[in-house]
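Please open the structure in a viewer and keep the selection panel at hand. The stops below are meant to be visited in order.

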Amino acid sequence: MKKHICIGVSGGIAAYKACDIVSKLSKKDYEIKVLMTKHATEFVAPLTFETLSHNPCYSDLFDSNIEDPIEHVELARWADLFVIVPCSANVLAKVVHGLADDFVTTSFLACHSKKMICPAMNVHMYENEVTQQNLKKAKELGYMIVEPETGMLACNDVGKGKLASVDTIVDAIDACFEQEKKLTGKKVLINAGPTQEDIDPVRFITNHSSGKQGYAIAKAARDMGANVTLVMGPTQLDDLEHVNTVHVKSANDMFEAMKDHLNEADYVIMSAAVADYRPEIVSDQKLKKDDETMTIKMVKNPDILAYAGAHKRENQYICGFAMETENLEQNAYKKLVNKNCDMLIANNLFTNGAGFNVDTNVVTLFKKDEKICLPKMTKEQLGVKILETLKEIEEGNKSC
Ligand code: PMT
């Protein structure tokens, strides 16, 4: 399957080098679509990119020739990687602060795939404290940065700010996809999202999980070459291509679906927020509000992770999650041990950028003999980290 790359070109003299990059990438196993800011079109004509990429070039958000009025969102969805090259100081500032007023910045903001920035600008603009803070913020947001080089700049100043070489940028793009082969032949089973526990035909009990974390792990596992099954509670997310997605509603449904795939899985990752309890009786008619108070008797749901841990087969590796609001370390270790996991990922609901419904997470990774506090990263980067760590644990076991 060809990888899809959006190349966003911003206004600067280095825009001409983006032509060479698009030409080189198009000759490899990538499909390229180019998006330009208005200023970039002053340096290079869109037709050049259309010819090199064999695809339309997007530069005018309000172009009436574009059939889909939300093409920027479609492009964002289409991309496996979004690279801004060259990235001017202005566009860098916009994308780290969520400003979106042209094809490049709107699509970049809407894109949840891997993102790369290749800055190029005058040395004084580059060294300015504001630009440095923006670069720091870009790194915190998980964007890969291909650092500019030092040399003679177009304005005759000498210093850092020259776009990295075409080969360096193409190599960095290739490296983004290199991790793919790491899990070829592996079967990965993941659960994600909330569960819904019916009270009556109208109401149910659920939680705030969006499914984003498990979905991102499934995407990372697929991109690393694994055969992936994703068992997912009710969410707003579209099915991922080349991932076997099983949709479920309740904890009991999720339990059954997980059991169907458990034995064949090499790695099992449980990020779902499974309801611990369900109403004992589900009314077939809508409950009436006749009384001032209402009591619903709840019964315990199966603990899917504990079941998987208790039935773990040889050469199978299990990663659980823990959503905590206090005593994170103590509670996480307890779950790691009690549920027979090889690894446990703990996130705290009250940490900024962590947990429910955001695109990032801030977690502590617990292995049986090690604890690693990870910085804030995208949920997909965390997916890669989890999968790489499970592989290391497996390889460590084999060499013992
Ligand atoms: O979906 P998002 O919006 O992206 O949010 C991600 C997340 C916050 C849901 C995710 O990062 C997370 O923390 N998932 C685990 C949430 C949770 O239910 O934690 P817990 O501490 O209650 O459960 C511990 C572990 O047991 C989890 O792996 C859970 O899937 C599992 N479990 C819990 C109860 C149950 N009945 N069966 C289970 O398998």
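The model is a predicted one. Select the 6 strands of the open sheet, which are ordered β3-β2-β1-β4-β5-β6 with parallel pairing. At its edges lie β3 (57-58) and β6 (144-145), each of which pairs on one side only.

Next, centre the view on strand β2 (residues 30-36), which runs parallel to β3 and is joined to it by 2 bridges. Here Val34 stands opposite Cys57 of β3.

**Second stop: strand β17.** Select residues 317-324, which form β17. How many of its 8 residues are buried? The count is 7, so the strand is mostly covered. Strand β14 (residues 267-270) runs parallel to β17, with 4 bridges between them; Val268 has Ile318 in β17 as its bridge partner. Then display strand β18 (residues 343-348), also parallel to β17 and joined to it by 6 bridges. Ala322 is found opposite Ala346 in β18.

Select Ile13, Tyr16 and Phe43, which make a nonpolar surface patch of about 340 Å². Phe43 belongs to helix α2 (residues 40-43). Is Phe43 buried or partly exposed? Phe43 is partly exposed, because its relative accessible area is 44%, between the limits of 20% and 50%.

Methods. Residues numbered from 1 in each chain as written. Predicted model: local features only at pLDDT ≥ 70, side-chain atom pairs only at ≥ 80, totals over all residues. Heavy atoms only, no water. Patch = residues over 30% accessible without salt bridge, like charges linked within 9 Å, V, L, I, M, F, W, Y side chains within 5 Å. Areas by Shrake-Rupley, 256 points an atom, 1.4 Å probe, with all protein chains shown as cover. Salt bridge = Lys/Arg side-chain N within 4 Å of Asp/Glu carboxyl O. Buried < 20%, exposed > 50% of the residue type's maximum accessible area, 1.4 Å probe, protein only. Pairing = 2+ DSSP bridges.
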